[in-house]
Amino acid sequence: MKLKLKYNQAKEFEILRHLEKCSSNFTPPLDSYIDLEEYSHKLHNRSHTIEFWGKKEIVGLLCFYLQSGGLYISNISVLKKYSRKNIGTRMLDKITHMYPTKTFTLRVNKNNESVGNEVSSDQNI
């Protein structure tokens, strides 16, 4: 299946649906410590998004905020059936090319095995 890259196109309910499907991919599960409806609302209204779309749904989502001195990546998530296909890496590459002079902050739970050894906990990239 060919994926389509979009910027700032997802509707709030599409972000919510994606986060619900990806919640169990997080350690601990995202919905165990965040109200997903509230978080989706915040991401939709305040953040910038990079989205990879399948036929009818978001399969990869990166949400970030422009801040003085850099960018803060609030969320990067990929549907489980699309994991290990470099979608997360491709989204990070896109943001790097969009803002080549910005410093990025991405916090990763040290127990999150899905990122492998690519990013260490609390590492600026």
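The model is predicted. Helix H2 spans residues 36-46 and has both buried residues and exposed ones. Searches of the whole structure find zero disulfides and one aromatic pair.

**Helix H2**

- Leu 36, Tyr 39, Ser 40 and Leu 43 are the buried residues of H2.
- Viewed down the helix axis, these buried residues fall within an arc of 100 degrees, so they line one face of H2.
- They pack against helix H1 (12-22), strand E3 (58-67) and strand E4 (70-78).
- On the face turned away from the buried side, H2 carries the exposed residues Glu 37, Glu 38 and Arg 46.
- The N-terminal end of H2 is capped by Asp 35, which has a side-chain oxygen 3.0 Å from the backbone nitrogen of Glu 37.

**Cysteines**

- A disulfide is a covalent bond between the sulfur atoms of two cysteines.
- The structure has zero disulfides.
- Cys 22 is buried, because its relative accessibility is 0%.
- Cys 63 is also buried, with a relative accessible area of 0%.

**Aromatic rings**

- A pair of aromatic rings is described by the distance of the centres and the angle of the planes.
- The search of the whole structure finds one such pair.
- Its members are Phe 64 and Tyr 99, with ring centres 5.7 Å apart and planes at 70 degrees, so the pair is edge-to-face.
- The pair links distant parts of the chain, 35 residues apart: Phe 64 is in strand E3, and Tyr 99 is in the loop between helix H3 (87-98) and strand E5 (103-106).
- Phe 64 is buried, with a relative accessible area of 1%.
- Elsewhere, Lys 6 lies over the face of Trp 53, at 4.8 Å from the ring centre.

Note on methods. Residues are numbered from 1 along each chain as its sequence is written. This is a predicted model: local features need pLDDT of at least 70, side-chain atom pairs count only at pLDDT 80 or more; totals for chains, interfaces and linings use all residues. Side-chain values use heavy atoms; hydrogens and water are left out. Buried means under 20% relative accessible area, exposed over 50%, partly exposed in between (1.4 Å probe, protein chains only). Helices (H or I, at least four residues) and strands (E, at least two) are DSSP runs, numbered from the N terminus. The arc is that of the directions from the helix axis to the C-beta atoms. Contact means heavy atoms within 4.5 Å. A polar contact is a pair of N or O atoms within 3.5 Å; within protein, one must be able to donate a hydrogen and the other to accept it, and residues adjacent in sequence count only if both atoms are side-chain atoms. A disulfide is a pair of cysteine sulfur atoms within 2.5 Å. Rings of Phe, Tyr and Trp (its six-membered ring) pair if their centres lie within 6.5 Å; planes under 30 degrees apart count as stacked, over 60 as edge-to-face and the rest as tilted. A charge sits over a ring if NZ of Lys or CZ of Arg is within 6 Å of the ring centre and within 35 degrees of the ring normal.
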